[in-house]
Amino acid sequence: MTEAELYTLYKGVYLPTALHPPHSLKYYEEFSFRSDDIIIATYPKSGTTWMQEIVPLIMSGGDSASVESLPNWDRVPWLEESRACILKIDERPSPRMFSTHFKYDMMPPSFFEKKPKVIYVMRNPKDVFTSAFHYYGTTSFLVKPGPQSEFLRKFLDGKVMFGSWFDHIKGWLDADDKEHKMYISYEELIMDLKDSVARIAQFLEKPLEAEVVEKIAERCLFKNMKQNKMSNYSLVPLEFMDQTKSKFLRKGIAGDWKNQLTVAEAECFDAVYKDKMKDVKYKFVWD
Ligand code: A3P
């Protein structure tokens with residue numbers, strides 16, 4: 001199926017219509033944030049699911065029930081997805097935890113008034129592309145990636161769900177109210193998960209004993225998260241996401257793009273990256 005059949009063009013970006021029908025976009029536009037809400041903001045395939053495991057464990061002081069009782073999409077729901085409307089989110093006690101793939105300039109008015117805490121997770125875009133290439137082939141709600149070179153062009157042009165990676169990252173990096181925002185990369189999580197968990201806990205003003213930090217980091221290792229049926233998407237019906245083609249928790253490494261992109265594709269990617277990111281001051285781990 002084509003973009004025209006599967007996607008809605010919303011505020012200039014493609015969204016898969018099956019997940020984001022008009023009423024759920026309206027729900028998000030009118031959503032009332034609280035100042036103590038916690039938002040995990042990501043471009044898809046950057047480590048959202050990982051953070052949906054880490055943050056509840058931190059906020060519960062390491063209690064594993066926090067990630068074993070609800071699937072990740074209800075535990076830290078996406079505000080733009082249809083399920084958000086039926087979860088009675090306004091009845092949840094503070095601090096509530098949410099996810100969003102929206103660009104900064106797509107956030108609703110209440111977000112800018114209440115200034116909730118945001119953890120923005122970034123990942124080397126070549127690995128985001130690689131992860132997306134495999135993922136798009138597994139779902140019924142996304143346009144099949146087609147040949148890699150074609151999907152690369154679409155990715156670099158932002159003709160994929162949630163638009164251009166470059167616009168997404170630049171928008172969130174330029175965001176106001178930096179004291180309410182934490183920027184962390186997938187690569188930092190890979191390099192030192194314990195230290196990352198400790199830093200996130202500090203940002204969330206949740207003091208944790210060293211052994212609790214260690215327990216959370218252990219629990220959030222790729223091999224362990226893969227075993228959690230509440231986080232590995234095994235509860236999703238096959239016709240919606242066919243993990244026999246590629247697991248959602250696929251490889252969980254940094255640098256897999258080297259196994260995926262040809263030399264010419266990587267060079268093309270680098271050239272676009274250099275141009276689009278030329279004014280960005282942020283020092284990325286992957287640069
Ligand atoms: P790969 O496809 O490269 O393996 P998102 O949740 O934003 O869609 O991101 C999915 C990516 O994060 C997948 O990348 C997935 O394997 C990876 N991921 C999820 N949990 C992880 C973990 N505990 N450790 C490392 N990578 C993880």
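# Close-up views of pockets and salt bridges

**View 1. Glu205 and Lys117 join their side chains in a salt bridge, 2.6 Å from N to O.** A salt bridge here is a side-chain nitrogen of Lys or Arg within 4 Å of a carboxyl oxygen of Asp or Glu. This is a predicted model, where local features need pLDDT of at least 70 and side-chain atom pairs count only at pLDDT 80 or more, while totals for chains, interfaces and linings use all residues. Residues are numbered from 1 along each chain as its sequence is written, and side-chain values use heavy atoms, with hydrogens and water left out. The two partners come from distant parts of the chain, 88 residues apart: Glu205 sits in the loop between α11 (193-203) and α12 (210-219), and Lys117 in strand β5 (residues 117-122). Helices (H or I, at least four residues) and strands (E, at least two) are DSSP runs, numbered from the N terminus. Glu205 is exposed at 61% relative accessible area, whereas Lys117 is buried at 18%. Buried means under 20% relative accessible area, exposed over 50%, and partly exposed in between (1.4 Å probe, protein chains only).

**View 2. Asp242 pairs with Lys245 in another salt bridge.** Their closest N and O atoms are 3.9 Å apart.

**View 3. Asp275 and Lys278 form a salt bridge of 3.2 Å, N to O.** Asp275 is partly exposed at 45%, and Lys278 is exposed at 59%. Elsewhere, shared partners join Glu188, Asp195 and Arg199 into one salt-bridge network. In total, the count comes to 18 salt bridges.

**View 4. The largest pocket has a volume of about 820 Å³.** On a 1 Å grid over the protein atoms alone, a pocket is an open set of points where a 1.4 Å probe fits, with protein on both sides within 12 Å along at least five of seven lines; lining residues have an atom within 4 Å of a point. Grid points are joined across faces, edges and corners, and the volume is the space filled by probe spheres set on them. Of the 40 lining residues, Lys45, Thr49, Trp78, Tyr233 and Phe248 lie nearest the centre. Two or more lining residues come from each of α3 (48-59), α7 (125-136), α10 (186-191) and α13 (222-225).

**View 5. The second largest pocket has a volume of about 280 Å³.** Look for Arg75, Arg92, Pro93, Pro95 and Met97, which lie nearest its centre among 14 lining residues.
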